[in-house]
Amino acid sequence: MKPVTRRRFLALALGWPVAASAAANVTLSSEAYPDLVANQLERAASPREPAEQWVLIDDKASTLTVFRGYSVVEEFKPVSLGRGGARTQRLRGDNTTPLGEFRVNRFNHDSKWHIFMGVNYPTPTHARMALQHGIYSQADYDAYFDYYRRHRQPPQNTVLGGAIGIHGLGEADPDVHDRYNWTQGCVAVTNSQIERLTELVKVGTRVVIR
């Protein structure tokens with residue numbers, strides 16, 4: 001029998017039934033429109049300025065790297081992403097990690113995951129894709145931006161889901177973390193790694209997940 005590696009586990013998991021909202025049945029591809037997040041990612045994985053401190057999370061390499069400009073400050077591995085994989089457009093309940101370019105927007109030091117570092121998902125780019133693909137109605141799209149304007153943060157309870165960020169293990173099994181992608185869509189590192197990460201990033205730090 002082949003060993004169940006992180007990648008093999010993901011392939012198997014994608015074949016299992018997923019308890020998700022009805023919205024998870026929506027088709028996420030469209031011939032009529034480009035993948036706006038994929039286009040964004042072509043330019044995102046590089047510093048905006050020479051001394052920018054930013055974060056790159058690489059799904060294929062299973063790494064989280066903090067950069068200052070183009071120089072590596074620190075690398076954490078392996079990281080765990082959503083057990084449903086990683087996509088440019090996620091839906092509430094599908095257990096996938098959203099790809100894209102984000103900003104850290106909050107810290108919760110009392111999280112059950114030890115420390116939770118939230119990002120501003122769903123971004124306006126994700127909202128625009130949702131409108132193009134028929135996941136958002138025009139009313140949904142308008143409501144998204146109305147909420148964003150009033151709260152300066154994206155809504156967390158639409159069909160696109162929310163509560164995405166980087167967090168520790170809390171009391172989760174470190175062995176499972178080492179071998180599998182196990183989260184509901186967040187990026188997980190160990191407790192000691194999330195402690196170190198909070199020393200390197202702050203609210204407003206750019207986070208690229210590709």
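This is a predicted model: local features need pLDDT of at least 70, side-chain atom pairs count only at pLDDT 80 or more; totals for chains, interfaces and linings use all residues.
View 1. Residues are numbered from 1 along each chain as its sequence is written, and side-chain values use heavy atoms, with hydrogens and water left out. Helices (DSSP runs of H or I, at least four residues) and strands (runs of E, at least two) are numbered from the N terminus.

**View 2. Helix α4 along its length.** Here α4 covers residues 138-151, 14 residues in total. From first C-alpha to last, α4 reaches 20 Å, close to the 20 Å expected at 1.5 Å a residue; the expected span is 1.5 Å times one less than the number of residues.

View 3. Tyr141, Tyr144 and Tyr148 of α4 are buried (under 20% relative accessible area, with exposed over 50% and partly exposed in between; 1.4 Å probe, protein chains only). Seen down the axis of α4, the buried residues fall within an arc of 55°, so they line one face of the helix; the arc is that of the directions from the helix axis to the C-beta atoms. Turned away from this buried side is the face with the exposed residues Ala139, Arg149 and Arg150. The cover over the buried residues includes α3 (124-132).

**View 4. Where α3 meets α4.** The axes of these two helices come within 9 Å and cross at roughly 165°. Axes are lines fitted to C-alpha atoms, for helices over the stretch in contact, and angles run from 0 to 180 degrees between N-to-C directions. Pro124, Ala127, Arg128 and Leu131 of α3 make the contact with Gln138, Tyr141, Tyr144, Phe145 and Tyr148 of α4; contact means heavy atoms within 4.5 Å.

**View 5. Where α2 meets α3.** Helix α2 (residues 36-44) packs against α3 at an angle of about 150°, with the axes 9 Å apart. That makes α2 roughly antiparallel to α3. On the α2 side, Leu36, Val37 and Gln40 make the contact, and on the α3 side Thr125, His126, Arg128, Met129 and Gln132.

Key
Angles under 35 degrees count as roughly parallel, over 145 as roughly antiparallel, 65 to 115 as roughly perpendicular and the rest as oblique.
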